[in-house]
Amino acid sequence: MKRATRRARWIAFYSAAAVALLLALPAVSGIREAALGRISAETALGGASVDPALGGASSDPPPPQVTRLSLPFSGTWWVIQGFESGDTHTGYAAYAIDFVPAQPIGTRAPRHGAPLSRFICYGRPVLAPADGTVVVAHGGARDWPSYVKGHDEGNYVILEHAAGEYTEFRHLAAHSVTVRAGDHLHRGDVLGRCGNSGNATTPHLHMGFLSSIDPITTRPMTLSGYEVMSPGGTWQAGDGTPNKGEILRPFAD
């Protein structure tokens, strides 16, 4: 009986985690309205990651993806914006995903002026989703204060996994990027930590998939090795395309 009760509590915890980020947060954060469908989640978090004029989506169908991409983190996270959302994930960011860790019911957004360390996402390790070579590593930007929209490109890392297959990770924390161009990373290696650099107002992780970095061209991606929580609180294998509002986690080793 105790084991069943404990399991039920955990199911309730994860089922409500995403709801907690909309009902339990003050309206000033914008996330509550975002999750209720009134505004976009990325708008609530500060807009697109970089200037969309930097590039765009591929106009031609890309070749089949050859790299098996894993989730770039451990633990349970929430998708706050997915592919071609119609919000800010268009053009350059058409095939990007934004993530934040899931939180329990009753969690409130840190107040304005609170240190970034009060945000659950801040400082979380960002992991290489597959073996690859670092082709761009920018780690010299500052973290902007919470709820202040940055106006630089921020800290980011781009990995090359195969010909025409790159992943990028933006909004990384100041002083957290320890890799350099030319470094070879293995799946699961830490490349940086979640921060609030660049065009964001609260810490979150932006992951994109590119077919080119000059010019920057985005392409669809499929992720592997993860599971998604169903409305009933059970876990089931993900279909490869994380969607806005899903709670997901990597498969246990």
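Which residues have the most contacts inside the largest nonpolar core? In this predicted model, they are F99 and L191, and the core has 32 residues. A nonpolar core here is a set of buried Ala, Val, Leu, Ile, Met, Phe, Trp, Tyr and Cys residues joined through side-chain atoms within 4.5 Å. Buried stands for under 20% relative accessible area, exposed for over 50%, and partly exposed for values in between, using a 1.4 Å probe and protein chains only. At least two residues of this core come from each of β2, β3, β6 (155–162), β7 (165–172), β10 (205–213) and β12 (226–229). The largest share, three residues, is supplied by β10. Strands are DSSP runs (E, at least two residues), numbered from the N terminus.

Residues are numbered from 1 along each chain as its sequence is written, and side-chain values use heavy atoms, with hydrogens and water left out. Because the model is predicted, local features need pLDDT of at least 70 and side-chain atom pairs count only at pLDDT 80 or more, while totals for chains, interfaces and linings use all residues.

β2 pairs with strand β3 (residues 96–101) in the antiparallel sense over four bridges; two strands count as paired if DSSP finds at least two bridges between them. Within β3, V100 stands opposite W78.

Leaving aside residues up to four places away in sequence, F99 touches L71, F73, W77, W78, V79, I80, C121, H204, L205, M207 and L248, a contact being heavy atoms within 4.5 Å.

Aromatic rings come next. Rings of Phe, Tyr and Trp (its six-membered ring) pair if their centres lie within 6.5 Å; planes under 30 degrees apart count as stacked, over 60 as edge-to-face and the rest as tilted. Three aromatic pairs are present in the structure. One of them, between F73 and W77, is stacked, at 4.3 Å centre to centre with 15° between the planes. F73 is buried, with a relative accessible area of 2%, and W77 is buried too, at 1%. Together with F99, F73 and W77 form one aromatic cluster.
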